Amino acid sequence: MSDNWAEGRIALVTGATSGFGEAMARRLLAAGAHVIATGRRAERLAALTSELKSERLLTCELDVTSSASIAALLPSLPPAFTDIDILYNNAGLALGLSKAHEADISDWETMIDTNVTGLVRMTRAVLPGMVARDRGDVMNLSSVAASYPYPGGNTYGATKAFVRQFSLNLRADLLGTKVRVTSIEPGMADTEFSVVRFKGDQAAADKVYAGVHAMSADDVALVCESVLKLPAHINVNTLEIMPVQQAFGPFAVDRG
Ligand code: NDP
Ligand code: 8X3
């Protein structure tokens, strides 16, 4: 497929104010798509607009935990951005790394509201148009945490397992249409993810990536773009990606 594979396509990116979403918005724009870049931080969206200066970029404030915010978005889109055919369902976060019996319940609620409820709301809002036009890509950001449990991953990993299974179930419902769905499942990537998880503790976040050539946000966007560029008859169901310096450990055993 040509380098301008995305020309004429309209992409909606959630969580485009940093990390994977911002990198993907940049890639989609460079590939020729019209891009609706969304997030809560207005100043980040404004910075993106003034840096990229493109008529194909529209930035909109959006909080995926608010059904009103999502409901207001689609009717507000100008005609050139209405017929969304790429949904990059990326807004999400981990909060805390405490054991389940010590974790803050409000952190759990925020992760579920954002990673699960926000993602399904976005999907439900955008999917009917894709089905009506019989074209589209839904790319959902899950995680290796969907498949591999780790201490303190509790609710975060469970939200990402939901995203993976929801993606597979969408495939079942969309059979007979040309709409594709992919669950992207990255491992360690150096974004603002850990600063958010550790609630602004930059030193704790830096420790996560110390000595590791972690993936960058653009590495993940590169992989996502390569999936979107595949011929239209191919659907990548799930895609796990890790830095070479990350792998698996043995089962933990309590020997008393
Ligand atoms: P970042 O913290 O850099 O980016 C997260 C983005 O999500 C921000 O743009 C943030 O924007 C947005 N966001 C958070 N809450 C909301 C909300 N309520 N409404 C709208 N947007 C929201 O992290 P990453 O780029 O690393 O993470 C992106 C996704 O990838 C997440 O779903 C994460 O779980 C997943 N992931 C990350 C991995 C990693 O190692 N980095 C690995 C595997 C998966 P704003 O605050 O402006 O709203
Ligand atoms: C982010 C990767 O391993 O911190 O989803 O859960 S991990």
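**Terms and the values behind them**

Analyst: Strand β4 (residues 86-89) runs parallel to β5 and is joined to it by four bridges. In this pairing, Ile86 has Asp137 of β5 as its bridge partner. The model is predicted, with local features needing pLDDT of at least 70 and side-chain atom pairs pLDDT 80 or more, while totals for chains, interfaces and linings use all residues. Residues are numbered from 1 along each chain as written, chains are lettered from A and ligands numbered from 1 in written order, and side-chain values use heavy atoms, without hydrogens and water.

User: Why are β4 and β5 called paired?

Analyst: Two strands pair if DSSP finds at least two bridges between them. Four bridges join β4 to β5, so the two strands pair. Strands themselves are DSSP runs of E with at least two residues, and helices are runs of H or I with at least four, numbered from the N terminus.

User: What makes β3 and β7 the edge strands?

Analyst: The open sheet has seven strands, paired in parallel, in the order β3-β2-β1-β4-β5-β6-β7. Strands β3 (57-61) and β7 (238-241) each pair on one side only.

User: How do you know that β5 is buried on both faces?

Analyst: Buried means under 20% relative accessible area (exposed is over 50%, partly exposed in between; 1.4 Å probe, protein chains only). Six of the six residues of β5 are buried. Gly136, Val138 and Asn140 lie on one side, and Asp137, Met139 and Leu141 on the other.

User: What makes the largest cavity a cavity, and which residues line it?

Analyst: On a 1 Å grid over the protein atoms alone, a cavity is a set of points where a 1.4 Å probe fits but cannot get out; a pocket is an open set with protein on both sides within 12 Å along at least five of seven lines, and lining residues have an atom within 4 Å of a point. The largest cavity holds about 30 Å³ of space, a volume being the space filled by probe spheres set on the points, which are joined across faces, edges and corners. Its lining includes Thr14, Val64 and Asn89, and helix α4 (residues 105-133) gives the most, with four residues.
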